[in-house]
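Please find below a note for a colleague who has the sequence and the structure to hand.

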Amino acid sequence: MEKQQKSQQKEDIRTGLSPEILSQALLDNLYYIQGRPPELATKNDWYMALAYTVRDRLLHNWVGTLRTINDDTRVVAYLSAEFLIGPQLGNNLINLGIWEQVKEAVSYHGLNFEELLDQEGEPGLGNGGLGRLAACYLDSLATLEVPAIGYGIRYEFGIFDQEIRDGWQVEITDKWLELGNPWEICRPEIAYRVGWKGYTEAYRDADGDLRRRWVPGAVVRGEAYDYPIQGYRGKTANLLRLWKAEAVEEFDFQDFNVGDYYGAVHEKMVSETVTKVLYPNDEPQVGKRLRLAQQHLFVSCSLQDLIRIHLMRHKNLDNFHERVAVQLNDTHPSIAVAELMRLLVDEHFLPWEQAWEITRKTLAYTNHTLLPEALEKWPLPLFAELLPRHLEIIFEINRRFLDEVRLRYPLDEDRVRRLSLIEETGGKFVRMANLACVGCHAINGVAALHTDLLKSTVLQDFYEMWPEKFLNITNGVTPRRFLALSNLLLSKLISQKIGDTWVKNLEELKRLEEFAENLKFHREWRRVKLENKTRLADVIRKRTGVAVNPASLFDIQVKRIHEYKRQHLNVLHIITLYNRLKRRPEQDITPRTFIFGGKAAPGYYMAKLIIKLINSVAEVVNNDPDVRDRLKVVFFPDFNVKSGQLVYPAADLSEQISTAGKEASGTGNMKFAMNGALTIGTLDGANVEIREQVGPENFFLFGLTAEEVQSLKARGYDPYHYYRDYPDLKEALDLISSGFFAHGDRNLFQPLVHSLLCCDEYLVLADYRSYVERQNEIDQIFRDEKRWTRMSILNTARMGKFSSDRAIREYCDKVWKVRAL
């Protein structure tokens, strides 16, 4: 007892990890940061005090990490317009290894640990897979002890909160910061000036050399907000640095003194608009301008910050590329090519050739899309107005590059036109993906199929010119958040069988295969799944009012709503099952609960109509006495990382049904399979590799391949042929057209039906029959408890490849050439 007391006395209240010390630290932070005594504290006060208590431990590791970085260390800078980091408290407790200690500490104060975890909101710093991937990679970089900084934007408002009213998506302002954010540290002393508009002019420097300089017409400050990113059970904590736009002069006394009160704060209002909201609507010109301004702000601040840090340790920028590796997460940060050149040539006076060599050796580019419309391009007049000096630099890069192309491919002006950084058909545009390809030393896709398609389609000309630049690094997800945190019950069961080192080395899950035939382990596996399903069922009832049966097959599709992701194919299957039950109400079918979730872009009418269709079908199916609860349909509103942690562990079946050749990778497919869900999917994105890993017999494959999709379209695809020849499909579409799901309104869903019958760009009707046949097979296999459980165990056991740790090791070895601290 004396030893224990002495041990506790030696522990620092800011760094100690015992329950007693954590309890005292919690009280201290409640008093001295929140300014509340326990008897007056709200649940949010207690959450904030607990978060600050945990943050102290993170900062201790963060400062220690900074001290280990020396002059020879190469640091990774990960530039991303999104970081969908999710709630931080639970994840940090897992990574620090203090889950149980904190749980005990809060119990000393009569607090409910689960309620405190649930009090934390969803940080509005990202939208979909792109931002979640960036967050997973930061987690892995810290876990692998690779020094890294994530750079992005501190959005004041997230994309939107989603409510469902009368079956329609309604967008609500995402005020994620309104109750405070204990994880961020404002750094007003770390701020950079960023210019827009204005003009450029020639001048001679002190040596008499002719140069160009930019005289901006407007300037804002980008101010840093820092988040510590803790690695798993280690001492490394890396940095996520986000930029907020601030006015250079927040208040104009001259305007104020003459009575112009609005003018006095006008500059502040205009400046802060830049980082106000995630992904402003870029349909109108003002939205495009704001989107480009956002991208330039965070890229410019990030590069200026990296140069400042470098010059603190080195006398010049000659070896900048040897100490910094910058990864562009998709096309959004590709303005970095022109901005780094501007900084090196205009601000630090490097010769063009040296600056270009440094730029290309510093930057690398990850492409995340095969959709040509998603490869960003900016109208030339807009670009010239907002970033005149950058356009001059891009013109010069393009001139030199196209000279190289003409030497390599003489008399091939079509190729020159395709490769040019400037598009000149149907108006002039700056092609940002082309700029990234020219200005980066490496270009990677995010799944084997995706990379192959990049080489043969959208980036084919660049691949033919520089095949050595191209490589594949298949995406991965962090097992810390998406298994250890999200699925505590399954994690505990796995660790009981094979130990807990799998959390940091996911390949060790392979050892679960020896239990795949063990019936006692089967029962434990099914018990965990049922408890997770029951937990989700309770939340569904609270949020939607729909009661679902946890014993039913939970068939789940949660992802961004888009026609190529084909949520409407899923709906057609539901209607087909419904029609079968209406014809024969007495038939015995496997009870299913269909769960959808995801947001539609505010301006994407067809995606919003798909949400309305899902809810309209749910209204009919859930209330029809002939169905008798054998089918239930749920739309889970406002799907995000926090709700995903409930959904992934509860799934029996994961719907990964995008048109082959359209999805770059997908990561939801990995999260589901990691948690023991079986997948029904096409050979698209990472599905191909998941099927290879888990075995074809443990994956429900359907549909056309990417090659067959291209071939069918080339021959002339006629969707009406499938409608005419498949009676079940015709019956389902006719029922939608009749107004049956719209209270008799025959026009409501007509745009969707018309789109499918007249063009069906994403081949929903062509894949319908194959999809339904596989679903029929799933019905039968789910009834075979032993077979289904075995398949589920093997899916989890064989997911080692899809850890983000593996992906980061590949980036370190093949692209960044960095090593752990």
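This is a predicted model: local features need pLDDT of at least 70, side-chain atom pairs count only at pLDDT 80 or more; totals for chains, interfaces and linings use all residues.

1. Nine strands make up an open sheet with mixed pairing, and their order across it is 5-8-9-2-1-10-11-15-16. Strand 5 and strand 16 (470-472) stand at the edges; each has a single partner strand, so one side of each lacks a neighbour in the sheet. On average, neighbouring strands of this sheet are turned by 25° against each other, direction ignored.

2. A pairing within the sheet. Strand 2 and strand 9 run parallel and are joined by five bridges. I153 stands opposite W243 in strand 9. As background, the strands of a sheet pair through backbone hydrogen bonds, in either a parallel or an antiparallel manner.

3. Helices lying across strands. Helix 7 lies across strand 1 (75-79), strand 2, strand 8, strand 9 and strand 10 (324-329), and its angle to strand 8 is about 55°. Helix 18 (residues 448-456) lies across strand 15 (443-445) and strand 16, with an angle of about 160° to strand 16.

4. The largest cavity. The count of cavities of 30 Å³ or more comes to six. The largest cavity holds about 130 Å³ of space. It is lined by 13 residues, and those closest to its centre are Q88, N91, A135, D139 and I229. Helix 4 (89-96), helix 7 (129-143) and strand 8 (218-230) are the elements that give two or more residues to this lining. Which element gives the most to the lining of the largest cavity? The answer is helix 7, with four residues. By class, the lining of the largest cavity comprises four nonpolar, six polar and three charged residues.

5. The residues that line the second largest cavity are K559, K565, Q656, I657, S658, E663, S665, G666, N669, D684 and N687. This lining divides into one nonpolar, six polar and four charged residues.

6. The second largest pocket. This pocket has a volume of about 630 Å³. Its lining consists of 30 residues, of which L66, I69, I149, I309 and R313 lie nearest its centre. At least two lining residues come from each of helix 3 (43-68), strand 2 (148-153), strand 5 (185-196), strand 9 (237-247) and helix 10 (285-313). Helix 10 supplies the largest share of the lining of this pocket, six residues. The lining of the second largest pocket has 16 nonpolar, six polar and eight charged residues. Among the elements of this lining, strand 2 and strand 9 are also the parallel pair joined by five bridges.

7. Salt bridges. How many salt bridges does the structure hold? There are 70 salt bridges. One of them joins the side chains of R213 and E201, at 2.7 Å from N to O. R213 belongs to strand 7 (residues 210-215) and E201 to strand 6 (residues 199-204), so this pair ties together parts that are twelve residues apart in sequence.

How values were computed
Residues are numbered from 1 along each chain as its sequence is written. Side-chain values use heavy atoms; hydrogens and water are left out. On a 1 Å grid over the protein atoms alone, a cavity is a set of points where a 1.4 Å probe fits but cannot get out, and a pocket is an open set with protein on both sides within 12 Å along at least five of seven lines; lining residues have an atom within 4 Å of a point. Grid points are joined across faces, edges and corners, and a volume is the space filled by probe spheres set on the points. Ala, Val, Leu, Ile, Met, Phe, Trp, Tyr, Cys and Pro count as nonpolar, Asp, Glu, Lys and Arg as charged, and the others, Gly among them, as polar. Two strands pair if DSSP finds at least two bridges between them. Axes are lines fitted to C-alpha atoms, for helices over the stretch in contact, and angles run from 0 to 180 degrees between N-to-C directions. Contact means heavy atoms within 4.5 Å. A salt bridge is a side-chain nitrogen of Lys or Arg within 4 Å of a carboxyl oxygen of Asp or Glu.
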